[in-house]
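Dear colleague,

Please find below the structure that I am handing over to you, followed by an account of what was found in it. Kindly keep in mind that this is a predicted model.

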Amino acid sequence: MEEGLNQARQRLRQARRVAVLTGAGISAESGIPTFRGSGGLWEGFRPEELATPEAYARDPEKVWRWYAWRYRQVMEAEPNLAHRLLAELEAQKGNGFLLVTQNVDGLHARAGSRRLVELHGNITRARCERCGHRQPLPPPAEFEPPPRCQRCGSRMRPDVVWFGEFLDADLLAKAERAFMTAEVALVIGTSAVVEPAASLGRVTKSAGAYLVEINPEPTPLTPLADLSLRSGASEGLAKLLKEAE
């Protein structure tokens, strides 16, 4: 393992183009529950009741109450070491770096990441149902859902991608380009089963990148990875970046 870790450190240190994909596991250390399993966000709920266009059309107040609860939870959390280490890696790599996340909690941005693609949106924003304008939500203590658009006054919805909706095509294309051209790719804290993000690891490996997976449990991506670190995000990144700083 140490030999493989040293090789990964050297490849990462030398790489000019680095792509990173993160999932719910990277925010678990900040107290944000993952979606599935014991204690997950879907425990006691059915996704179709809270996170689909049909659910919102049927009962927007119920959907907004759940998202307002999640928003308060997110804003009480703080970025952890893994978020901060990725912001530092971005600073080292500059324009050759891109961080793609499936998370909607905004913790990467709060940790300082700027070369960032939020594939599934951001729970701290709302999007106008009429004109498409996006705006940040007010502080949780002042937030009374549903928010109203500052441009046209219409009701707004959470600015997240729901089940049954397509990802933003431009953001997905940007993510795919980064992983197709990366010399080193990191996949951290994701089950590697939710498409289309799950395919990014396979795309980058097929294009010849050196692939590192950091996850406490094996995933469908594990057999393809050049190095799999069985650890949490912070521990794994700290090991990987120890000699790459």
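**Nonpolar cores**

The largest nonpolar core comprises 26 residues, and those with the most contacts inside it are Val 20, Leu 86, Leu 186, Ile 188, Val 212 and Leu 237. At least two residues of this core come from each of α1 (2–14), β1 (18–22), α6 (81–93), β2 (97–101), β7 (184–188), β8 (210–214), β9 (227–229) and α10 (233–241). Leaving aside residues up to four places away in sequence, Ile 188 touches Val 20, Leu 21, Thr 22, Gly 23, Ile 26, Leu 86, Ile 214, Ala 233 and Leu 237. There is also a second, separate core of 24 residues, which includes Trp 64, Trp 66, Leu 107 and Ile 123.

**Packing of α1 and α10**

The axes of α1 and α10 lie 8 Å apart, and the two helices pack at an angle of about 70°. Because angles of 65 to 115 degrees count as roughly perpendicular, α1 is described as roughly perpendicular to α10. In this contact, Leu 5, Ala 8, Arg 9 and Leu 12 of α1 meet Lys 239, Leu 240 and Leu 241 of α10. Five of the contact residues are nonpolar, two are charged and none is polar.

Strand β4 (residues 121–128) is joined to β5 by three bridges, and Ala 126 has Gln 135 in β5 as its bridge partner.

Yours sincerely

Terms used. Residues numbered from 1 in each chain as written. Predicted model: local features only at pLDDT ≥ 70, side-chain atom pairs only at ≥ 80, totals over all residues. Heavy atoms only, no water. Core = buried A, V, L, I, M, F, W, Y, C linked by side-chain atoms within 4.5 Å. Buried < 20%, exposed > 50% of the residue type's maximum accessible area, 1.4 Å probe, protein only. Helix = DSSP H or I, 4+ residues; strand = E, 2+ residues; numbered from the N terminus. Contact = heavy atoms within 4.5 Å. Axes fitted to C-alpha atoms, helices over the stretch in contact; angles between N-to-C directions. Parallel < 35°, antiparallel > 145°, perpendicular 65-115°, else oblique. Nonpolar A, V, L, I, M, F, W, Y, C, P; charged D, E, K, R; others polar. Pairing = 2+ DSSP bridges.
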